[in-house]
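Dear colleague,

I am handing over the structure that we spoke about, with the sequence alongside. Please have it open while you read the notes.

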Amino acid sequence: MPSTAYNFKIRTFYYGNLFEIKYSQVGPQFNSLANPFLTKNIREFVVSDRVRFFDNKLSFGFDYKSRDNKILRSIINPNKQKSTSTNISFAPGPGMPSFTTNFQTLLRTNEKIELDTLVYTSATESDSIVLKDNRENTKSRNRFGSVSIPVNNNFQNFNILISYNSINVEDQLKLERNENYLQKATDSEALSLIISSKFSDQFSSNLNFSSYKVSIPMFIDSNMQTAENLLRTIALNGYYFMFDNNLKLNGGLSVLNGSGLSNFNFLGLNSGLEFKLIRNMLFRTVFDAKIKSSESSIELNSYSLRLSVNYLFWMV
């Protein structure tokens, strides 16, 4: 029925396994007064299982999800999406290293097997026929992993977080496509390193290294090519507390380097303070500035100064 919505869920827990089956559907003519932005014309089936070992320190997870918009029989070439996801997490306890990984495979299709024919009529009433390829059959692989390593040295605490994420999209109809077909999806790869340090109760800092690469298919000189953009960032921020933590000073420096389709550099500066005027009143000021340099010029890209006063009328 096009104007109905329902959600069925079965959840069981046995011997550390959390097994769940879910089926939901929202018709294309369904309207919700509670949530006017609810996605319509969608049907979803989900199967998931979570297994935990060693007092929940080690966990394995698996998810299967199928989604489509073929609720009405009149829908032609429905969009279908199937995904499988596997997750592994290990967290032995406070002050010990931990890691998490996730692998996801996503299949997208629209059941279209023929090219669309478009007829254009010019001002001279001459017709031209163009074939447009709207077929979709892609396979995406998403890989994510992160490792957290805490280090304690007397009264100084450090935490090292390393994260990696890559998304690869493969066109299953690549051999059947025209050589001038433009793939809509992009591949990306990201790597980050964050070092959080607490040297004392008054002084702490964050050091961040990150790299992000994206591959974009596009036409260059009338030829289909893959253009790569690479962004590298180094940022350092520090915080210092004074007067029994009533005054907080902070400042930072960041450098962003971009290369690929365009080459540029950004130098960012930030500083600020937070001061408790009275018990329930907080005064805050923040200053930011960004300087952009390219092959042709160096200029002040943006700067801002923000002042605010917050008052808490009730404190428990």
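Predicted model: local features only at pLDDT ≥ 70, side-chain atom pairs only at ≥ 80, totals over all residues.

Residues are numbered from 1 along each chain as its sequence is written, and side-chain values use heavy atoms, with hydrogens and water left out.

To begin with the charged pairs, a search of the whole structure gives eleven salt bridges, a salt bridge being a side-chain nitrogen of Lys or Arg within 4 Å of a carboxyl oxygen of Asp or Glu. One of them joins the side chains of E20 and R11, with an N to O distance of 2.7 Å. E20 is buried, at a relative accessible area of 15%, whereas R11 counts as exposed at 52%; here buried means under 20% relative accessible area, exposed over 50%, and partly exposed in between, computed with a 1.4 Å probe on protein chains only.

Another salt bridge is formed by R135 and E176, whose closest N and O atoms are 3.2 Å apart. R135 sits in the loop between β8 (127–132) and β9 (137–153), and E176 in the loop between β10 (156–171) and β11 (187–198), so this pair ties together parts that are 41 residues apart in sequence. The strands named here are DSSP runs (E, at least two residues), numbered from the N terminus. In this pair R135 is buried, with a relative accessible area of 10%, while E176 is exposed, with 54%. D171 and R177 also form a salt bridge, with their closest N and O atoms 2.9 Å apart, and both D171 and R177 are buried.

Turning to the asparagines, N245 is located in the loop between β13 (223–242) and β14 and is partly exposed, its relative accessible area being 46%. N245 and F287 are separated by 42 residues in sequence and by 21 Å in space, taken from C-alpha to C-alpha.

N250, for its part, belongs to strand β14 (residues 247–259). If its neighbours within four places in sequence are set aside, N250 is in contact (heavy atoms within 4.5 Å) with G238, Y239, N270, S271, G272 and L273. N250 and K174, by comparison, are 76 residues apart in sequence and 52 Å apart in space, C-alpha to C-alpha.

Technical notes. Helix = DSSP H or I, 4+ residues; strand = E, 2+ residues; numbered from the N terminus.
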